[in-house]
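Please read the following account alongside the sequence and the coordinates.

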Amino acid sequence: VSEPDRIPDRVNDGVERRLDPRVIPLQQLTGQIASAVIAFGSIAGTLILWVEGAPLWLLLPLWLFLNGLLTWHSQRWPAIAYRHSSYRVDDAGIEISEGVYWRTVTNVPFIRVQHTDVSQGPLERRFGLGTLVIYTAGTDHAKVTLAGLEHGTALRIREHLLPRETSDAV
Amino acid sequence: MPFEQRLHPVSLLFALARSLRAFALPGLIVVATRGCSGRSSGPFSAPGGWEFWLMILLIPSIIAALARYLSFRLCYEETELIVRSGIIFRNERHIPYARVQNIEAVQNVAHRALGVTDVRIETGSGSEPEATISVLPFGAFEDMRRRVFAGRTAASAAADVEAIDASAPATRTLLRLSTRELLLCGFLENRGVVVVGAAYGVLWELGLVGWFWNLVGGNNLFDEGPIEQFLKSVAAGRRPAASQILSIIAGIGVLMVLIRLVSMVWALLRLYDFHLTRTGEDLRTRFGLITRIAVTIPQRRIQTVTIRQTPLYKWLGRASVRVETAGGRKGPETSPANERAVIAPVIRTEDVPALMTDLLPGFELANLPWEPIDQRAFRRAIKPRLFVAATITIGLGVPLGWWTLYLLPFTLAWATVAARIFVTHVRWTLTDDVVGIRTGWLWQRLTVARRSRIQAVTKHESPFDRRTGMARVRVDTAGATDFSHRVDVPYLARDTAMQLYARLLRA
């Protein structure tokens with residue numbers, strides 16, 4: 001697996017590549033926001049249980065433990081997931097590998113691509129990242145998403161994926 | 001050579017009828033419930049004249065229909081079909097002939113009396129038809145079919161002009177179902193439950209359920225009828241009388257026969273005069289007694305073909321065959337749209353190979369090299385089944401009492417047998433043209449997907465897969481529904497899976 005900083009202009013070289021490492025802090029930030037929202041939300045739930053008569057010595061440690069676990073997970077998981085995610089573009093298509101425990105390798109041939117999107121949310125923009133979305137006429141993989149690419153790389157891959165006019169792609 | 005086609009003038013009538021129907025059904029229910037519940041003083045019993053208000057509501061739809069009729073134009077260009085509509089908000093849709101997946105004509109009784117038809121043009125995009133045209137003269141539909149598919153061949157294969165003579169392609173009948181076969185088909189499909197359920201729903205809507213039960217059971221079926229007595233005696237811990245048990249068994253038997261009969265009548269109405277023909281490279285089906293449907297599926301649009309057999313089908317030497325195309329079909333299996341994917345509702349087993357060769361060029365059903373899955377698959381497959389069986393049996397013990405634990409050996413044995421049957425009957429195949437899977441022993445299904453139509457290939461490895469060195473390979477095709485039989489091969493040895501995956505990508 002080669003590191004992403006050495007990407008040449010030609011992306012369809014069949015080399016397996018990691019995502020942009022900035023995806024780790026991005027996902028950590030997203031995770032922090034999500035766990036903060038959940039923590040505040042669960043305060044209300046805990047208060048209701050307390051009013052209903054649940055003992056505080058049980059509720060408080062449980063709340064702390066669950067939220068601590070969530071925060072810890074959101075900090076550790078992105079790096080682990082990063083090690084198991086990669087993609088490869090060659091002349092025939094794009095191959096995306098992901099999943100830590102349940103591992104999936106998905107291959108979409110170029111000639112089956114209906115259209116593509118490159119999107120960039122506000123947080124992604126801060127980190128200079130983009131998400132490539134590939135649409136096919138398939139059923140399970142009608143929409144294949146590859147998040148955590150450097151925005152320019154996502155655009156370059158998209159250039160390669162543009163549908164060829166000679167066929168109907170289904 | 002641009003040629004313009006307009007809507008048939010009676011399309012105004014049909015548009016009017018459609019909007020009337022949209023208003024009439026709620027109106028009918030209002031009238032019916034008022035009739036049932038007597039003279040209530042609810043909001044719906046306001047003094048007459050709702051007919052008048054209904055007419056006012058119709059005015060916008062009349063104007064819309066008129067605008068549509070006046071502005072609608074179908075234009076056949078060299079390589080594409082252009083649909084123009086709208087006077088104020090103009091809309092122009094270009095449909096390249098090469099993208100048309102299939103063309104359908106739907107005619108109900110009124111359409112047929114007037115010699116017109118609804119036409120649906122489907123492309124690979126989404127679950128909706130690309131264009132729904134209501135209504136065209138039937139001749140114009142034939143004309144469209146000819147022009148679109150002739151244009152398609154010209155556009156896609158300009159090189160081999162001699163291949164298909166668009167003006168006079170030979171038509172060959174592949175399958176024609178007699179009344180006897182249709183009744184058999186209804187018997188085998190057993191869709192009666194759906195029809196009975198729908199009819200019951202309508203009765204419920206109209207508030208006629210009580211009336212219906214009075215008609216059937218003479219008001220005492222549930223009050224002091226046999227079912228009530230039976231349940232009471234069981235609940236009281238008494239042993240029910242033999243006559244009670246017999247009458248209930250007889251009742252269930254009669255109901256099952258009735259449902260089969262309904263299913264047979266339903267199949268006869270739905271599929272009456274079923275024809276499957278082949279014209280050039282197009283497959284055409286035509287069927288229906290009340291609503292007549294004509295479907296055209298270009299052969300090269302076929303994504304997958306599924307052959308299905310249940311024990312009854314096997315016993316009678318029959319099978320059913322359906323195809324999937326990319327023309328979006330996302331509804332449940334029983335929806336009317338899905339009916340149209342059935343290319344042979346019932347066919348003699350010995351005729352299946354010939355039909356398959358017509359559906360997939362050069363395909364020989366008998367010569368497929370079927371491969372088993374990994375030998376260790378049974379040890380993998382049995383574990384989740386044992387787990388589910390044990391959980392359900394023990395879980396049922398909570399509300400029903402712990403006597404259910406006596407059932408545990410039986411459910412576990414059943415899970416073992418089911419796992420054994422599953423793994424010994426899964427077979428996969430890969431040839432130059434197709435990839436396929438066959439599952440089931442008594443309830444058998446066989447699906448082949450054209451390799452040139454594969455949308456995506458996936459290799460899955462769960463933690464259990466990795467521990468045992470196995471993997472699963474899934475092939476994604478267009479047009480499958482949630483109920484489709486998919487090419488999804490589990491429990492492959494890792495090397496075999498890698499090979500299959502790599503070979504599929506080399507298509």
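B:Pro372 stands opposite B:Arg427, a residue of strand E16 of chain B. Helices (H or I, at least four residues) and strands (E, at least two) are DSSP runs, numbered from the N terminus, and two strands pair if DSSP finds at least two bridges between them. Strand E15 (residues 371–372) and strand E16 (residues 427–430) of chain B run antiparallel and are joined by two bridges. E16(B) also pairs in the antiparallel sense with strand E17 (residues 434–439) of chain B, over four bridges. Within this second pairing, B:Thr429 has B:Gly436 of E17(B) as its bridge partner. E16(B) and E17(B) form a hairpin, with three residues between them.

This is a predicted model, in which local features need pLDDT of at least 70 and side-chain atom pairs count only at pLDDT 80 or more, while totals for chains, interfaces and linings use all residues. Residues are numbered from 1 along each chain as its sequence is written, chains are lettered from A and ligands numbered from 1 in the order in which they are written, and side-chain values use heavy atoms, with hydrogens and water left out.

The secondary structure of chain B comes to 16 helices and 21 strands. Of its 507 residues, 41% count as buried; here buried means under 20% relative accessible area, exposed over 50%, and partly exposed in between (1.4 Å probe, protein chains only). Contact means heavy atoms within 4.5 Å. Among the contacts in chain B with a separation of 6 or more, 60% are between residues 24 or more positions apart.

Most residues other than glycine have a negative phi, and most peptide bonds are trans. H5(B) is followed by B:Asn190, which has a positive phi of about 55° although it is not a glycine. B:Asp273 is found in the loop between helix H9 (242–271) and strand E9 (275–279) of chain B, and at 27% relative accessibility it counts as partly exposed. A cis peptide bond, with omega about -10°, joins B:Ser134 and B:Val135; B:Val135 is found in strand E7 (residues 131–137) of chain B.

In chain A, A:Gly93 lies in strand E3 (residues 93–98) and counts as buried at 3% relative accessibility. A:Gly93 and A:Pro109 are 16 residues apart in sequence, yet 4.1 Å apart in space, C-alpha to C-alpha. Not counting residues up to four places away in sequence, A:Gly93 touches A:Arg88, A:Val108, A:Pro109 and A:Phe110.

The two chains meet in a contact that takes 30 residues from chain B and 24 residues from chain A. Buried area is the accessible area (1.4 Å probe) that two parts lose on being put together, summed over both. Between chain B and chain A it is about 2,100 Å², of which carbon and sulfur atoms give 41%. B:Arg99, B:Gln455 and B:Arg466 supply 25% of the area that chain B buries against chain A, more than any other three residues.

Across this interface the rule finds two salt bridges, a salt bridge being a side-chain nitrogen of Lys or Arg within 4 Å of a carboxyl oxygen of Asp or Glu. B:Arg486 forms a salt bridge with A:Asp140, the closest N and O atoms being 3.2 Å apart. On the side of chain B that touches chain A, E19(B) gives the most, with six residues.
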